[in-house]
Amino acid sequence: MKKSYSSPNSRKQWIIFPLLLALTLLASACGNNTSNNSTGSAAANATEAPASSPQPETPAATAAPAFKTVTTVNGDIEVPTAPQRIVAEEYLGSLIALNTIPVGAPGLTLENMYFKESLTGVTDTGTYGKMSPENIIALNPDLIISGNADSYETLSKIAPTVIVPYGDLKDAHAELTYFGKLLGKEQEAADWLADYDKRIAAAKARVDAAIPADATFSILEHADKSTWVYGDNFGRGGQPVYQALGRKPPTEVAAEIMEKQWAELSAETLGKYAGDYLVVTDNTQTVEDFQADPIWGSLPAVKNGHIYVWKEERSWYYDPIAVLAQTEELADWLTSGQ
């Protein structure tokens, strides 16, 4: 076998190479150590800034307070200044007029024909007057609005709850003004009411030109063999007739109706409460049915064709949006020559 010999130069390279390798590794180690020390110093400097160093102003420092105090029937409570997730058992019409769509409401209010399209996707919170706490909790509300005082104890444990008892807000102006202030939407309320007043005035002018000023009006509801009469703040057409159009019930019973707001009538007393014009809620009978009835057919208003019959799905609601639509609907009837 041929034996190989290394030259002097090759032996020198063999000796130098390991030495260079060692120096390279040493330099690399030192470099890493320096880098780590630099990083550690930077982190220490970042976390140990002097307490007196100026800090950038945060948005929270200049933003409006997150909550405000409002006075309710349950005392002063704290509510969000700009609630984003409202559950509303009542007053949906006012909320919608203020461009505020709740996240939840009872099924009955979701069926309001005057604005139910605006509530597509809103969660059903259960039975009107007895909303499900479980359904409400799942919606994570930041404000609850109701007219049911009995529900306050339960609802207030879920979120800030504002109770406005039925009848406390007497008309569209009172309602929109109240909720405009509650939700920080005073200008939206003023703008909506300006348009409302303009349209109501136009409807009233048409009716005043067609119907004698002293003509009396009665708001009635009939079901099976029972009949009820209503005042100006109990739905069934009372708000549009008595408030918006400024009409009056029969003089003899006016004070009673307006004070009690409703009363059940017998067949014997129906004539006493029946005015020159009747606005009647009934889900089954028609004008012709009332004309054919021995008792109803004997009333002057029915004989003269001055009876308007609509179903509860159109007459029961009394929010500002419904009242405006109802007023214009009744004005059309009253000026149609009937």
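Me: Helices here are DSSP runs of H or I with at least four residues, numbered from the N terminus. Which of them each supply at least two residues of the lining of the largest cavity?

Reply: In this predicted model, they are α6, α8 (238-244) and α14 (320-334).

Me: What is the volume of the largest cavity, and which residues lie nearest its centre?

Reply: The largest cavity holds about 110 Å³ of space. Its lining has 16 residues, and Leu 169, Glu 175, Asn 233, Gln 239 and Tyr 318 are nearest the centre. By class, the lining comprises eight nonpolar, four polar and four charged residues.

Me: Let us stay with α6. Which of its residues are buried?

Reply: Helix α6 covers residues 172-182, and its buried residues are Ala 172, Glu 175, Leu 176, Phe 179, Gly 180 and Leu 182. Glu 175 is also one of the residues nearest the centre of the largest cavity.

Me: Why do the buried residues of α6 line one face of the helix?

Reply: Viewed down the axis of α6, the buried residues fall within an arc of 165°, so they line one face. As a general point, an α-helix has 3.6 residues a turn, so residues three or four places apart point the same way.

Me: What is found at the N-terminal end of α6, and what comes just after the helix?

Reply: Asp 171 caps the N-terminal end, with a side-chain oxygen 3.2 Å from the backbone nitrogen of His 173. Just after α6, Gly 184 has a positive phi of about 70°.

Me: Back to the cavities. How many of 30 Å³ or more does a search of the whole structure find?

Reply: The search finds two. The second largest cavity has a volume of about 40 Å³. Its lining is formed by Val 229, Glu 256, Ile 257, Lys 260, Gln 261, Trp 262, Ala 263 and Tyr 273. The largest share of that lining, three residues, is from α9, and β12 (262-265) supplies at least two.

Me: Now the pockets. How much space lies in the largest one, and what lines it?

Reply: About 580 Å³ of space lies in the largest pocket. There are 25 lining residues, with Leu 108, Tyr 128, Trp 316, Tyr 317 and Tyr 318 nearest the centre. The elements giving two or more residues to the lining are α2 (92-97), α3 (107-110) and α13 (312-315). By class, there are eleven nonpolar, five polar and nine charged residues.

Note on methods:
Residues are numbered from 1 along each chain as its sequence is written. This is a predicted model: local features need pLDDT of at least 70, side-chain atom pairs count only at pLDDT 80 or more; totals for chains, interfaces and linings use all residues. Side-chain values use heavy atoms; hydrogens and water are left out. On a 1 Å grid over the protein atoms alone, a cavity is a set of points where a 1.4 Å probe fits but cannot get out, and a pocket is an open set with protein on both sides within 12 Å along at least five of seven lines; lining residues have an atom within 4 Å of a point. Grid points are joined across faces, edges and corners, and a volume is the space filled by probe spheres set on the points. Ala, Val, Leu, Ile, Met, Phe, Trp, Tyr, Cys and Pro count as nonpolar, Asp, Glu, Lys and Arg as charged, and the others, Gly among them, as polar. Buried means under 20% relative accessible area, exposed over 50%, partly exposed in between (1.4 Å probe, protein chains only). The arc is that of the directions from the helix axis to the C-beta atoms. A polar contact is a pair of N or O atoms within 3.5 Å; within protein, one must be able to donate a hydrogen and the other to accept it, and residues adjacent in sequence count only if both atoms are side-chain atoms.
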